Amino acid sequence: MFHSFFPQPKPFFISLIVWTLVSILGWYFFAAGLGASFGVVPVPEEQQPIDLSFFLLPENLWFYGYFFLLTFIFCGFWHLKALHHPWKLWSIWGSALIIFVTYFGVQITVVINNWRRPFGDLLQNALAKKPGITVENFYDLFLIFAQIAFLAMLVSVLTDFFTSHYIFRWRTAMNNFYMANWEKLRHIEGASQRVQEDTMRFSSTLEGLGINLINSVMTLVVFLPIMLALSHYVTTLPVLGEVPNSLFWLAIFWSAFGTVLLAVAGIKLPGLNFKNQRVEAAYRKELVYGEDHADRAQPPTVRELFSRVRANYFTLYFHYMYFNIARSFYLQADNLFVYFFMAPTLVAGAITYGIFQQIATAFGQVSNSFQYLVNSWSTIIELLSIHKRLKTFEAAIDDEPLPDIDQRYLESEAGVIHADG
């Protein structure tokens with residue numbers, strides 16, 4: 001799944017994680033300060049532009065240079081190390097491009113969030129019938145938003161286009177690798193399905209999860225400083241009283257709570273989804289054999305195989321029921337969480353509507369990033385079940401024993417056919 005596309009996957013991803021952490025720490029503890037010594041002074045959050053000139057701020061240009069330098073060092077090292085790897089351009093440099101474009105997309109979200117403050121304040125003043133508010137004031141802000149929105153659409157469309165090609169190259173690498181080892185794989189249950197369908201589902205599922213993960217990390221890197229800066233507007237919380245950096249800690253607590261809640265509630269689902277794929281494949285395989293052989297797909301065998309399909313689905317329905325209860329409870333409570341803790345600040349009139357909009361959006365961005373597992377848990381479950389099936393291929397290619405669940409399946413299938421005979 002991975003070594004067909006990435007050079008030396010374990011060292012590659014470990015070094016990527018380490019290099020990312022080093023890069024982030026290097027930025028906050030060294031590079032940002034070095035830029036300040038050269039006159040690249042960060043603009044205070046409340047003074048940042050609300051239009052496209054935001055991307056040309058000296059601090060952003062400095063960061064782009066820092067990003068490209070460290071990316072070139074990392075990718076250049078692995079490019080030389082994997083000199084003969086057929087997919088190095090896509091897996092190494094393509095990954096770097098996706099990461100940068102995702103970061104740029106997060107910065108667009110920051111500009112939109114900056115735009116919310118003047119728009120919210122203008123709306124509040126207009127509704128309060130304060131003098132000096134004209135229709136042109138709204139049109140000017142609408143024009144600025146249109147520019148940002150068109151840039152966001154362009155970046156999103158091009159990113160999706162490139163990512164789709166990137167993922168299909170990954171699927172191609174897996175397909176080529178498995179077909180080169182077809183003689184070892186052809187006897188495994190559902191081999192054709194795994195090469196054709198599971199590689200497709202693995203790549204497409206990983207596309208969504210991977211992009212969301214990168215987006216979550218980049219959102220945290222960009223929005224956490226913003227959240228810390230906005231926390232000085234909300235100093236007093238219900239029950240807790242005064243809490244330094246209150247919004248920051250609330251986002252972490254609430255996201256961690258949701259992640260733990262759904263991880264516990266959904267702990268059985270990956271295995272059940274994997275088993276569901278197995279019993280469905282066994283039933284389908286027997287029916288296919290029955291098309292060409294009169295002695296296959298006999299009623300006793302079919303009834304036994306379908307009873308396994310039914311039993312697994314009923315078990316899956318039950319576990320998904322309480323998982324969905326926990327997930328729905330958390331998501332509904334999430335709609336009111338930040339409003340509940342901001343109630344004293346709102347009642348005191350300590351902030352304007354524009355600042356409130358900015359805080360609510362920034363809190364949602366940080367909270368959703370920390371809630372990556374919450375929002376993606378169902379998809380992660382599906383990916384894990386596909387991963388389990390494809391791991392069987394890798395075991396056969398490396399002449400290793402099949403996983404326990406595959407051995408149990410083969411034994412049970414043999415028992416069904418023997419009983420039928």
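Predicted model: local features only at pLDDT ≥ 70, side-chain atom pairs only at ≥ 80, totals over all residues.
Residues are numbered from 1 along each chain as its sequence is written, and side-chain values use heavy atoms, without hydrogens and water.

Helices here are DSSP runs (H or I, at least four residues), numbered from the N terminus. The axes of H2 and H3 lie 10 Å apart and pack at an angle of about 165°. Axes are lines fitted to C-alpha atoms, for helices over the stretch in contact, and angles run from 0 to 180 degrees between N-to-C directions. H2 is therefore roughly antiparallel to H3, a term for angles over 145 degrees. On the H2 side, the residues that meet H3 include Phe-63, Phe-67, Phe-72 and Trp-78; on the H3 side, those that meet H2 include Trp-93, Ile-99, Phe-100 and Tyr-103. Contact means heavy atoms within 4.5 Å. By class, the contact of H2 with H3 has 15 nonpolar, five polar and one charged residues. Ala, Val, Leu, Ile, Met, Phe, Trp, Tyr, Cys and Pro count as nonpolar, Asp, Glu, Lys and Arg as charged, and the others, Gly among them, as polar.

H3 (residues 88–127) also packs with H4 (residues 135–180): their axes come within 10 Å and cross at roughly 160°. H3 and H4 are therefore roughly antiparallel to each other, and their crossing is left-handed. The contact of H3 with H4 has 25 nonpolar, seven polar and one charged residues.

The largest pocket holds about 1600 Å³ of space. A pocket is an open set of points on a 1 Å grid with protein on both sides within 12 Å along at least five of seven lines, where a 1.4 Å probe fits, and lining residues have an atom within 4 Å of a point. Of its 48 lining residues, Phe-13, Leu-16, Ile-99, Leu-213 and Ile-214 are the closest to its centre. H1, H2, H3, H4, H6 and H11 each supply at least two residues of the lining, which has 40 nonpolar, seven polar and one charged residues.

Elsewhere, Asp-334 lies in helix H9 (residues 299–347). Leaving aside neighbours within four places in sequence, Asp-334 is in contact with Trp-254, Ser-367 and Gln-371.

Notes:
Parallel < 35°, antiparallel > 145°, perpendicular 65-115°, else oblique. Left-handed = near helix turned anticlockwise from the far one by under 90°. Points joined across faces, edges and corners; volume = space filled by probe spheres on them.
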